[in-house]
Amino acid sequence: MPAPAHPHLPGVDAVTRAVLTASRLLVAVSARSLAAYEDRVTLPQFRLLVVLSAQGASKLVALADGLGVSPSTAMRMMDRLIAAGFADRQINPANRRETVLRLTSEGARLVEEVTARRQGEIAEIVGRLAPAQRTALVEALTAFTLAGGEPLAPSAADAYPLGWSDCPQIPAT
């Protein structure tokens, strides 16, 4: 194995380990932000609620495709969310043979509360960093995101819940 071009810089293994550790922290933050609802909604179900929040009323097949799951999986998730009062299904007014899925007011409130908790905890963690570390973190995460092919999130004011900027475009009709 050839020697690294810059022996004073961390290698791929060290960076990979650091990213995995940071991702474990972010997953823990996400789980804690959802803890108040853990008996009623799972993280994948919450992701579905986030997409519904961002896109509005959606057809099941388009929703499943956008989430990368089978329609039957999406339907099971939706059935549980409907039973919990976070979503509902209605006849599509543009085509009465179709149904559309949407958030209820309780589902919208859940997305808002969980998102606020997550943003608050991340802000606390970031607040513990020195200004130079914050700058370095923004630069590193931006480069990492671009290297992974993920579009950058819009500004905080325009971000979708949980920061997902690339919510699938799911037509209601």
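**View 1. What sits over helix 2.** In this predicted model, the buried residues of helix 2 are covered by elements that include helix 1, helix 3 (60–67), helix 4 (71–84), strand 2 (95–103) and helix 5. The buried set itself is Gln-45, Phe-46, Leu-48, Leu-49, Val-50, Val-51, Leu-52 and Gln-55.

**View 2. Helix 2 from end to end.**

**View 3. Helix 2 meets helix 5.** Here helix 2 (residues 43–55) packs on helix 5 (residues 105–127) at about 110 degrees, and the axes lie 10 Å apart. Angles of 65 to 115 degrees count as roughly perpendicular, so that's how helix 2 sits relative to helix 5. On the helix 2 side, look for Phe-46, Leu-49, Val-50 and Ser-53; their partners in helix 5 are Leu-110, Val-111, Val-114 and Thr-115. Sort the residues of this contact by type and you get six nonpolar, two polar and no charged. Phe-46, Leu-49 and Val-50 also turn up among the buried residues of helix 2.

**View 4. Helix 1 and its buried residues.** Helix 1 (residues 12–34) runs for 23 residues and reaches 33 Å from first C-alpha to last, close to the 33 Å expected at 1.5 Å a residue. Val-29, Ser-30, Ser-33 and Leu-34 are buried in helix 1. What do the buried residues of helix 1 pack against? Helix 2 and helix 5.

Methods:
Residues are numbered from 1 along each chain as its sequence is written. This is a predicted model: local features need pLDDT of at least 70, side-chain atom pairs count only at pLDDT 80 or more; totals for chains, interfaces and linings use all residues. Side-chain values use heavy atoms; hydrogens and water are left out. Axes are lines fitted to C-alpha atoms, for helices over the stretch in contact, and angles run from 0 to 180 degrees between N-to-C directions. Helices (H or I, at least four residues) and strands (E, at least two) are DSSP runs, numbered from the N terminus. Angles under 35 degrees count as roughly parallel, over 145 as roughly antiparallel, 65 to 115 as roughly perpendicular and the rest as oblique. Contact means heavy atoms within 4.5 Å. Ala, Val, Leu, Ile, Met, Phe, Trp, Tyr, Cys and Pro count as nonpolar, Asp, Glu, Lys and Arg as charged, and the others, Gly among them, as polar. The expected span of a helix is 1.5 Å times one less than its number of residues. Buried means under 20% relative accessible area, exposed over 50%, partly exposed in between (1.4 Å probe, protein chains only).
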